[in-house]
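Hi everyone, thanks for coming. Please have a look at the sequence and the model while I get settled.

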Amino acid sequence: MNMIEEKDLFNINIEDLPGLSFNCSCGKKHSVDIEKLVVRTNILDELVKALEPFKKGKLFVVSDSNTYRVLGNRVVNRLQEKGFNYKSFMFEVGENDLIPDMNLVGRLLIELDNDVSIILAVGSGVLNDLSRIVAFRTKIPFAITGTAPSMDGYASVGSPLVVGNKKITFQAKYPYAIFADTSVMKDAPMEMIKAGYGDILGKLTAKADWQLARIMAKEYYCETTAKLVQNAVDKCINSTDGLTCRDEAAIGSLIEALILTGISMGLVGISRPASGTEHQLAHYWEIKAIERGMKHPLHGNAVGTATLITAILYEMIADKLPQGIEYPSSSYVRRLLEKVGAKTNPRELGIDREMFMDGMLNAMYMRDKYTILRFCDEQGKLKKFAATLADRFYGHDGL
Ligand SMILES: [Zn+2]
Ligand SMILES: [Zn+2]
């Protein structure tokens, strides 16, 4: 670990963050427990260099038929060229998206040879989650080469999996290394780019909830971590226009903000910097959809819409709020969502009025977390606000 001064944290390039540690004004010592982070265009040279320590054993490269086509094949070719011993395994993706469930975990375990030195996932959310849990349970290191800027789970320690008809987040571990190739990510499906952006907008309301919890529930709060995330989110928002035209620098800001949010959760050991009401609502919708065997939107697409709902809630209860809560205005969130063509109405995500009302009233019980939902409930306003919002999103006027 390299000790640095707290104030210097803000001038450090994201690739130089791994291994750093600092004594924070919040009273804690924070550290970045990732070994290697590469965020740039055309990462293959860096990738093989970083994997050199694992050359004695066999590399297990995991992709799916989509990610193999966009990047996996080039990774495998380069490993071959450089004399690595590897096994490449690819999940076939048909009509339906891959679901990170027990079957896929089992399949990976079966394909995993005894002499594997590192698991290298080439993909985004699902492949990341699958490889993370298998790596954790087998005590084999794992690295991820991202193909889409779709979520903030690259630098995460949790692995959400569908077990039975429930989605459960298992404790796992950080990847040894994260590689993000902006030249590949810029060509990701636009829905995935929008999802990543929605996940980033969620940090605006997550921060407000964290500040609210600090006051109302006397929760621990770290100013420096919150600022680190805010800076990355601001940078990403400032380049919003570049996302829809797939500008590589804008995509770079998006993936940096996503990775940095993951790192920030690792710094404080809680999910507060990254998730609040908007994630409670999105998780509620997702879990109910899984229970009913229905399709559900990408995580970040749901989070984006839920961020707008959360911002409206803050505005509705504004006169009761304690001083100093920095929540975004709903018109600001709406404008940003509209700029990238993301959905602004839960109805467009396939959530019906009943599920919307259920979520508004029950999402706060899913994870023990103080958010604006709990605050509105304590003020005796939650039911009324939920009904008003339902009318607004599902009423005859179509708003
Ligand atoms: Zn701190
Ligand atoms: Zn998220």
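First, some housekeeping. This is a predicted model, where local features need pLDDT of at least 70, side-chain atom pairs count only at pLDDT 80 or more, and totals for chains, interfaces and linings use all residues. Residues are numbered from 1 along each chain as its sequence is written, chains are lettered from A and ligands numbered from 1 in the order in which they are written, and side-chain values use heavy atoms, with hydrogens and water left out.

Helices (H or I, at least four residues) and strands (E, at least two) are DSSP runs, numbered from the N terminus.

Let's begin with the sheet. In what order do its six strands lie? The order is E4-E11-E8-E7-E5-E6, in an open sheet with parallel pairing. Two strands pair if DSSP finds at least two bridges between them. At the edges are E4 and E6 (85–91), each pairing on one side only. From one strand to the next, the twist averages 15°. Angles here run from 0 to 180 degrees between N-to-C directions, and axes are lines fitted to C-alpha atoms, for helices over the stretch in contact.

Now please find E11, residues 177–181. Is this strand enclosed or open? Five of the five residues of E11 are buried, so the strand is largely enclosed by the rest of the structure. Buried means under 20% relative accessible area, exposed means over 50%, and partly exposed is in between, using a 1.4 Å probe and protein chains only. In a regular strand the side chains alternate between the two faces of the sheet. Here, Ala 177, Phe 179 and Asp 181 point one way from E11, while Ile 178 and Ala 180 point the other way.

With E4 (residues 36–40) it pairs in the parallel sense over five bridges, and Val 38 stands opposite Phe 179. With E8 (residues 142–146), E11 pairs in the parallel sense over four bridges, and there Thr 145 has Phe 179 as its bridge partner.

Over at E5 and E6, the parallel pairing runs over seven bridges. Ser 63 has Met 90 in E6 as its bridge partner. Helix H2 packs on the sheet and touches E5, E6, E7 and E8, with a direction at about 160° to that of E5. Touching, or contact, means heavy atoms within 4.5 Å. Helix H9 also packs on the sheet, touching E4 and E11, and its direction makes about 160° with that of E4.

Next comes helix H1, residues 44–51. Six of its eight residues are buried, so H1 is largely enclosed by the rest of the structure. Those buried residues are Leu 44, Glu 46, Leu 47, Val 48, Ala 50 and Leu 51. Their cover includes E4, E5 (58–64), H2 (65–81), E7 (116–123), E8 and E11.

How do H1 and H2 pack? Their axes are 10 Å apart, at an angle of about 55°. That makes H1 oblique to H2; angles under 35 degrees count as roughly parallel, over 145 as roughly antiparallel, 65 to 115 as roughly perpendicular and the rest as oblique. On the H1 side, the contact is made by Leu 44, Asp 45, Leu 47, Val 48 and Leu 51, and on the H2 side by Arg 74, Val 75, Arg 78 and Leu 79.

Another helix pair is H6 (residues 190–216) with H9 (residues 248–268). Their axes come within 10 Å and cross at roughly 40°, which makes H6 oblique to H9. Among the residues that meet are Trp 210 in H6 and Val 268 in H9.

Two residues lie between them, and Gly 164 in the turn has a positive phi of about 65°. Pro 160 has Thr 169 in E10 as its bridge partner.

Last stop: where is Met 366 found? Met 366 is in the loop between H13 (353–362) and H14 (372–378). With 31% relative accessibility, Met 366 counts as partly exposed. Leaving aside neighbours within four places in sequence, Met 366 is in contact with His 283, Tyr 284 and Ile 287.
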